Amino acid sequence: MHKSLRTIGTFSFIFFVLCAAYWPALSHQYVHHDDISFFLRTPSEIMIPKHYLDVTTGRPLSAMRLTASGFFIDQISDFTIYRFFNVILLSLSAWLMGPWLRSYYTNGIYALLATLIIFTLPSFQLLASLVGTSATPIALLLSITAALIAGRIPLTTDLKKHFISRPFAFALSLVLLLSSLLFYPAIAMYYWVMVAVEILTFQGSWKKLVDLFLAGFGALGIYFMMLLATKPYFAHLTVPGYDPYVMNFDVFTKLRWFLEEPLFNVLNLWNIFPNRQ
């Protein structure tokens with residue numbers, strides 16, 4: 001494995017770049033829509049309102065994370081600490097992903113630059129700037145780690161000879177990805193980005209590819225069964241638009257939504273007042 005991308009110096013550089021990129025979020029005091037939930041709890045209540053939303057929508061670990069955070073948030077300035085922690089988690093995730101991209105780029109510098117470009121995209125900016133969804137960077141880190149372990153990629157080559165065996169690697173990867181899903185399912189899907197890199201750079205290791213797919217679909221299967229088990233208790237409490245218990249197989253409607261919403265927004269990324277003309 002390419003140790004050069006997993007050094008303390010590399011992590012420090014990534015952390016410095018991401019801090020610079022997200023400095024506006026770190027240096028200003030503000031409250032986002034989702035962050036207001038922390039101030040809606042009365043002194044007699046333990047759970048913040050968003051706790052119940054996360055539990056009923058299949059994100060119980062996120063609910064516990066946010067409720068625990070709520071005990072330490074008394075004023076707007078406290079959000080800065082959590083945003084700083086989010087940047088640390090993003091930096092660690094980027095640091096872990098760099099060598100994975102190295103298999104695609106023959107030059108380590110290119111792999112590092114590609115990693116930094118990915119982790120400064122608008123979708124990652126949300127992970128750094130919001131506290132109400134502060135569990136999402138944890139989900140990202142868990143999904144990346146799950147892919148690394150499923151592919152049996154140790155942090156350093158020195159650990160390779162006594163790294164985890166294939167069965168244990170598979171089981172641990174499945175648990176980590178399942179935990180990521182229980183934090184935030186949408187971010188957990190970053191696991192498949194790691195798998196896509198492995199497919200694009202396929203070097204004949206079918207065992208690694210099989211393990212990645214088995215761990216991925218295995219975690220999704222267990223998560224699906226957990227949703228079915230909790231449906232009788234939470235299905236009637238869900239909010240429209242956030243209902244994980246409703247399966248939609250209307251492919252054409254989904255395709256139309258993709259063209260009219262995500263694709264439209266991406267094409268108007270730098271346009272403050274987007275239009276369809």
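Modeller: Before we start, a residue counts as buried when its relative accessible area is under 20%. Keep in mind too that this is a predicted model.

Biologist: Thanks! With that cut-off in hand, is Asp211 buried or exposed?

Modeller: Asp211 has a relative accessible area of 4%, so it is buried.

Biologist: Which helix is Asp211 found in?

Modeller: Asp211 belongs to helix α12, which covers residues 206–234.

Biologist: And what separates the C-alpha atoms of Asp211 and Arg166?

Modeller: Those two C-alpha atoms are 8.5 Å from each other, while Asp211 and Arg166 are 45 residues apart along the chain.

Biologist: Let's zoom out. How many helices and strands are there in the protein chain?

Modeller: The protein chain has 14 helices and 0 strands. Buried residues account for 41% of its 277 residues.

Biologist: What share of the contacts with a separation of 6 or more comes from residues 24 or more positions apart?

Modeller: That share is 72% in the protein chain.

Biologist: Okay, on to helix packing. How do the axes of α1 and α5 cross?

Modeller: Helix α1 (residues 8–21) and helix α5 (residues 79–102) have axes that come within 9 Å and cross at roughly 135 degrees. At that angle, α1 is oblique to α5. The crossing of α1 past α5 is right-handed.

Biologist: Nice. Which residues make the contact?

Modeller: From α1 you have Thr10, Phe11, Ile14, Phe15, Leu18 and Cys19. On the α5 side, the contact involves Phe84, Val87, Ile88, Leu90, Ser91, Leu92, Ala94 and Trp95.

Biologist: And what is that contact like by class?

Modeller: The contact of α1 with α5 has 12 nonpolar residues and 2 polar ones, with no charged residues.

Biologist: Staying with α5, where does Arg83 lie, buried or exposed?

Modeller: Arg83 lies in α5, and its relative accessible area of 0% means that it is buried.

Biologist: What is Arg83 in contact with, leaving aside its neighbours within four places in sequence?

Modeller: Arg83 is in contact with Ala25, Leu26, His28, Tyr30, Asp35, Ala128, Ser129 and Val131.

Biologist: Last topic: how many residues has α8, and what does it reach from its first C-alpha to its last?

Modeller: Helix α8 (residues 136–150) has 15 residues and reaches 21 Å, close to the 21 Å expected at 1.5 Å a residue.

Biologist: And why is α8 largely enclosed by the rest of the structure?

Modeller: Because 14 of the 15 residues of α8 are buried.

Technical notes:
Residues numbered from 1 in each chain as written. Predicted model: local features only at pLDDT ≥ 70, side-chain atom pairs only at ≥ 80, totals over all residues. Heavy atoms only, no water. Helix = DSSP H or I, 4+ residues; strand = E, 2+ residues; numbered from the N terminus. Expected span 1.5 Å × (residues − 1). Buried < 20%, exposed > 50% of the residue type's maximum accessible area, 1.4 Å probe, protein only. Axes fitted to C-alpha atoms, helices over the stretch in contact; angles between N-to-C directions. Parallel < 35°, antiparallel > 145°, perpendicular 65-115°, else oblique. Left-handed = near helix turned anticlockwise from the far one by under 90°. Contact = heavy atoms within 4.5 Å. Nonpolar A, V, L, I, M, F, W, Y, C, P; charged D, E, K, R; others polar.
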